[in-house]
Amino acid sequence: MYKRQAAAPAHDLDRPHLAMTYTALATLLTLGDDLGRVDGAAVARGVGRAAAGDGSFAAAAVGCERDLRFVFCACAVSRLVGDFSGVDAAATLRHIGACQAYDGGLGLAPGGESHGGSTYCGIAARALLLDGAPATAAAGADADAAVTWCARRHDGRGVVGRTNKLPDSCYAYWVGAALRCLGARHLVDTTVPFVLSCENRKMGGFAKYPEDTPPDLLHAFYSLSSLSWTDPRFRAVDPMLGICAHRLPPR
């Protein structure tokens, strides 16, 4: 990724990976790096090599895991390096639409069960491809149906990731960010009391559930990210990219 001679892989599995590329770029930006040492064109070529030809993306190369998680990573990485040449936008939007289930949410792949995480990945990728423009009928997924599905994940206490599941603090981000990407941010703020109830006052941090559940880094990150949209003490997290907005490179 850096502009230097790449070392040979240590083993067959030591290959470029879309999720790790996204994580690396997000970490660099969060630490204040300007990505000036990153070879954006090489990153874009890597994105293109992970494309499966139907608008979907594999984790690293065609033949391994392939689902909406990596569609999101491909679009996010392309946005961060300012080069979408590895993404067929029209095909990817069609693929995202094909992942939308009968109830309006999105599964990881066509025919899959609607889930808060996969819905976020597809809707955020869609927003990145549309560059944050308002939803349009030509954008693959049915935006109104997705908004309705996300709104129905609010059960009066918190947000659930799937039907008949318990509220979970991380879905305040996944579902809330999807709503913000869809232009329905007014439906997000009701989750704050539940997220705050997941803070572990003894150990610090946030947990998956309230009532003294052990905290962990993942749920602490997503809890704080969701609170960043309503609490002025926090830097706002960009819902399309999961990075503090003030750290993002210019468009």
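**Note on the nonpolar cores and aromatic contacts**

1. Y22, F57 and F72 touch the most other members of the largest nonpolar core, which has 62 residues; such a core is a set of buried Ala, Val, Leu, Ile, Met, Phe, Trp, Tyr and Cys residues joined through side-chain atoms within 4.5 Å, where buried means under 20% relative accessible area, exposed over 50% and partly exposed in between (1.4 Å probe, protein chains only). Among the helices that each supply at least two residues are α1 (18-30), α3 (68-81) and α7 (169-181), and the largest share, 10 residues, comes from α3. Apart from this core lies another of 6 residues, including A172 and F206.

2. This is a predicted model, in which local features need pLDDT of at least 70 and side-chain atom pairs count only at pLDDT 80 or more, while totals for chains, interfaces and linings use all residues. Residues are numbered from 1 along each chain as its sequence is written, and side-chain values use heavy atoms, with hydrogens and water left out.

3. Y173, buried at 1% relative accessibility, and Y222, buried at 16%, form an aromatic pair (ring centres within 6.5 Å, taking the six-membered ring of Trp; planes under 30 degrees apart are stacked, over 60 edge-to-face, the rest tilted). Their pair is tilted, at 5.0 Å centre to centre and 35° between the planes. F221, partly exposed at 39%, pairs edge-to-face with Y222, at 4.9 Å and 75°.

4. The count of disulfides (cysteine sulfur atoms within 2.5 Å) comes to 0. The sulfur of C75 is too far for a bond, because the closest cysteine sulfur, in C73, is 9.5 Å away.

Technical notes: Helix = DSSP H or I, 4+ residues; strand = E, 2+ residues; numbered from the N terminus.
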